[in-house]
Protein chains: 2
Amino acid sequence: MKVSKFGGSSVASAEQIRKVFDIVTSDEERRIVVVSAPGKRFSDDVKTTDLLIALAEKYLQYGEAQKELEAVIARYRDIADQLELEEDIVAEIEEDFQARLQLSDDTERFLDCIKAGGEDNNAKLIARYFQSCGVKAEYVNPKEAGLLVSDEVGNAQVLQESYDHLYRLREKTGIVIFPGFFGYSPEGNLVTFPRGGSDITGAILAAALKADLYENFTDVDSVYAVNPNIVDHPKEITELTYKEMRELSYAGFGVFHEEALAPAFRAKIPVCVKNTNNPKAPGTMIVAKRRTNGNPVVGIASDNGFLNIYVEKYLMNREIGFGRKLLQILEEEGLSYEHTPSGIDSLNVILRAKQLTEEKEARLFDRIQTELEPDKVKIERNIALIMIVGEAMNKTIGVAAKAVSAIQNANVNIAMINQGSSEVSMMFGVKESDVENAVRSIYQAFFEKAYVS
Amino acid sequence: MKVSKFGGSSVASAEQIRKVFDIVTSDEERRIVVVSAPGKRFSDDVKTTDLLIALAEKYLQYGEAQKELEAVIARYRDIADQLELEEDIVAEIEEDFQARLQLSDDTERFLDCIKAGGEDNNAKLIARYFQSCGVKAEYVNPKEAGLLVSDEVGNAQVLQESYDHLYRLREKTGIVIFPGFFGYSPEGNLVTFPRGGSDITGAILAAALKADLYENFTDVDSVYAVNPNIVDHPKEITELTYKEMRELSYAGFGVFHEEALAPAFRAKIPVCVKNTNNPKAPGTMIVAKRRTNGNPVVGIASDNGFLNIYVEKYLMNREIGFGRKLLQILEEEGLSYEHTPSGIDSLNVILRAKQLTEEKEARLFDRIQTELEPDKVKIERNIALIMIVGEAMNKTIGVAAKAVSAIQNANVNIAMINQGSSEVSMMFGVKESDVENAVRSIYQAFFEKAYVS
């Protein structure tokens with residue numbers, strides 16, 4: 001059996017939902033379908049989720065938001081009309097949103113609840129469409145299915161007992177249409193997942209149901225070896241491992257949020273990334289182990305928006321605990337870091353810049369100065385990280401040389417390098433203004449010229 | 001004024017001491033002379049310090065060590081005879097050692113006290129020789145001069161007040177002959193410095209006396225760009241900065257112990273490394289700032305004997321404090337580490353292998369397992385680190401590419417790379433069995449071919 005998840009653009013319109021129907025019904029293994037809220041139909045379109053955020057905010061401020069609610073309902077009505085569904089489904093959806101708006105006394109949960117309505121009602125609508133086509137299908141609500149999560153608003157983590165509950169979905173004889181993005185706390189509160197929410201729901205279901213495959217339908221034919229905004233028509237990746245996928249999505253690879261697939265990975269369920277608009281394309285398989293194809297590098301990811309905290313102190317390495325103390329200050333300030341390349345008398349801590357508000361930066365600076373008494377502290381901004389990823393890399397001589405030479409050929413200075421033993425990636429830090437040139441040059445070196453290992 | 005320190009081989013015999021006399025008296029700026037104990041006269045010779053250790057150990061065990069004492073005295077007598085000094089100096093030295101042997105009730109301090117006798121008596125003997133040549137010279141004892149140190153046996157640290165005391169040596173009108181390697185605690189205990197002891201004494205005196213130059217006489221013409229045991233006749237370094245020297249000596253560069261010159265560095269006193277056996281050679285100047293000579297790399301150091309603790313845990317970066325906790329465990333186990341290259345789900349900690357006894361390793365393993373619950377922990381042994389050093393490196397595009405390519409050309413796999421921003425060095429981790437090939441290839445790339453930046 002397969003769990004198939006369809007992203008926002010795959011369920012954005014009647015036309016798209018018809019494609020979903022064709023895909024699902026063309027393979028009887030496709031028994032569990034996870035759906036997002038209707039996404040963009042064209043590049044300037046507004047996603048339902050954004051309409052819902054506007055609705056919630058307006059309602060919180062003014063106690064009414066008729067125009068915004070109408071915009072949301074219009075999206076569903078439009079789809080229902082074109083799918084030739086009966087009017088009552090739209091009335092049902094409107095009633096549902098009206099009920100959600102009554103929960104505005106708990107501001108924190110209110111937004112979660114309104115947003116989740118996007119997926120929830122789309123699942124109802126799609127189930128109705130499947131039924132109208134004479135297919136046995138039913139909408140299943142996460143509460144009813146027992147998808148229990150931790151009670152962290154906007155950051156739900158699945159609870160272990162959910163897996164047993166959800167396994168029972170196997171008993172359903174028809175197609176299950178399941179809304180992505182949210183679950184319920186043991187106390188019965190609706191709570192949404194963090195970024196990549198619908199992907200997470202699909203991954204949890206695939207793991208719980210011990211699916212043979214988790215299909216993740218999106219609007220690209222495959223995962224690409226490099227960001228298509230940087231390199232035109234990059235190579236498609238036919239197969240990559242969980243670890244590789246994770247390294248790639250970690251550093252700005254658009255397809256998945258880095259942790260979204262974790263439940264499937266842990267359960268060793270293979271994942272296939274496919275295109276709703278071109279379902280015949282083989283897509284990209286994400287697996288626990290893969291054959292190598294001669295190229296030790298599977299992909300190149302890059303992301304802007306990092307900064308480096310550079311701390312210098314003569315004889316730093318004589319001070320037992322220096323590095324630990326620096327990391328502890330960061331921890332106490334709630335900052336998470338990415339890498340810590342070090343010299344003898346210096347330590348670098350690379351972190352995502354957006355974490356550091358002006359106030360936090362001032363306090364951090366102050367604490368480092370007074371608690372560590374360094375000779376020098378400075379913050380270097382506008383750093384981009386490039387990750388070169390591939391499981392065979394650390395067994396292949398010359399990958400580092402090729403990568404570093406490629407960056408040099410682009411006339412880019414490498415500010416930082418970080419490569420650990422047994423790693424599936426190599427990290428380079430460069431200036432943000434240099435990153436695209438560097439990435440293009442690395443891509444050329446590993447993917448455009450025949451690779452000689 | 002110059003402070004001139006002469007190492008063990010420079011004061012190992014009458015012939016060597018005559019060279020020292022010629023060197024010191026050829027420049028009237030050489031007013032403070034720091035001497036070691038007599039070192040090896042030929043490659044199989046036994047250093048006085050080792051004779052003294054044998055003496056102390058035998059005496060502690062049997063309450064007498066006549067033969068061992070005689071061997072020590074014989075070294076001094078031999079020198080004194082050949083320098084045609086009067087017999088009483090040898091009697092004085094023997095009496096001194098006899099007195100030191102009486103202190104054996106405090107076992108811990110006993111060894112320090114016996115070892116320090118090597119330098120102390122050599123200083124007396126050399127002062128006597130200078131006097132016998134009609135030069136105004138005097139032996140000065142560290143206690144009398146006020147060289148106060150912390151009371152840590154074998155690991156003395158200079159106390160701040162020493163600098164004012166020692167400055168008064170400027171008032172001496174003759175040449176001061178000062179024994180290296182030890183000072184006195186404020187309570188009057190003799191305490192020796194850690195590794196590089198006589199170098200430390202010289203550096204402290206140079207800083208205290210605000211010398212124009214600290215000359216460090218040894219038995220090589222200069223500091224070499226690479227270990228002469230790995231590369232034949234390597235290039236001599238004419239000038240390098242304190243930071244560069246420190247990075248080089250840190251990773252197995254034989255000339256200095258990494259912290260020995262610290263007091264001179266802090267006081268910004270230039271240091272010159274010269275050869276007692278070829279004093280006309282210009283030697284190597286170590287300075288705060290230097291001109292660049294077109295080659296961004298000044299030297300290559302390497303050292304064996306490291307190990308890597310590799311810890312892998314899926315979603316490690318979601319666990320705030322993971323890295324800090326690992327470093328804290330190391331700290332609590334009294335282990336100091338060198339570098340921590342990291343991946344997304346993995347962390348490497350490189351440390352000197354000799355720190356990790358079997359018992360400590362078992363406990364460390366156990367603590368990491370139970371306190372951090374990683375997916376995988378392993379210890380990788382027999383790792384060598386290579387440091388490529390040069391202050392201009394991080395401003396020069398292509399250094400990393402050249403270095404990495406050179407290692408690849410030697411057919412060596414790079415296990416780890418670590419380069420921070422603003423660093424004066426780049427670190428590579430390789431297998432111990434590969435290190436010499438890698439170093440030779442890097443040396444060729446940067447020093448044998450004309451450098452094109």
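1. Helix α9 of chain A is mostly covered, with eight of its nine residues buried; buried here means under 20% relative accessible area, exposed over 50% and partly exposed in between, with a 1.4 Å probe and protein chains only. The buried residues of α9(A) are A:Y242, A:E244, A:M245, A:R246, A:E247, A:L248, A:S249 and A:Y250. Helices (H or I, at least four residues) and strands (E, at least two) are DSSP runs, numbered from the N terminus.

2. The model is predicted: local features need pLDDT of at least 70 and side-chain atom pairs count only at pLDDT 80 or more, whereas totals for chains, interfaces and linings use all residues. Residues are numbered from 1 along each chain as its sequence is written, chains are lettered from A and ligands numbered from 1 in the order in which they are written, and side-chain values use heavy atoms, with hydrogens and water left out.

3. Between the two chains, 64 residues of chain A are in contact with 63 residues of chain B, contact being heavy atoms within 4.5 Å. About 5500 Å² is buried between chain A and chain B, 48% of it on carbon and sulfur atoms. Buried area is the accessible area (1.4 Å probe) that two parts lose on being put together, summed over both.

4. Six salt bridges are counted between chain A and chain B; each is a side-chain nitrogen of Lys or Arg within 4 Å of a carboxyl oxygen of Asp or Glu. A:D345 and B:R246 form a salt bridge through their side chains, at 2.5 Å from N to O. Elements giving two or more residues to the side of chain A that touches chain B include α9 (242-250), β13 (299-312), β15 (376-389) and β16 (416-419) of chain A. That side of chain A comprises 21 nonpolar, 27 polar and 16 charged residues, where Ala, Val, Leu, Ile, Met, Phe, Trp, Tyr, Cys and Pro count as nonpolar, Asp, Glu, Lys and Arg as charged, and the others, Gly among them, as polar.

5. Strand pairing also links the chains: β16(A) and β17 (residues 416-419) of chain B pair in the antiparallel sense over three bridges. Pairing requires that DSSP find at least two bridges between two strands. A:I417 has B:Q419 in β17(B) as its bridge partner.

6. Within chain B, strand β1 (residues 2-6) and β2(B) run parallel, joined by five bridges. B:F6 stands opposite B:V35 in β2(B). Five of the six residues of β2(B) (residues 30-35) are buried.
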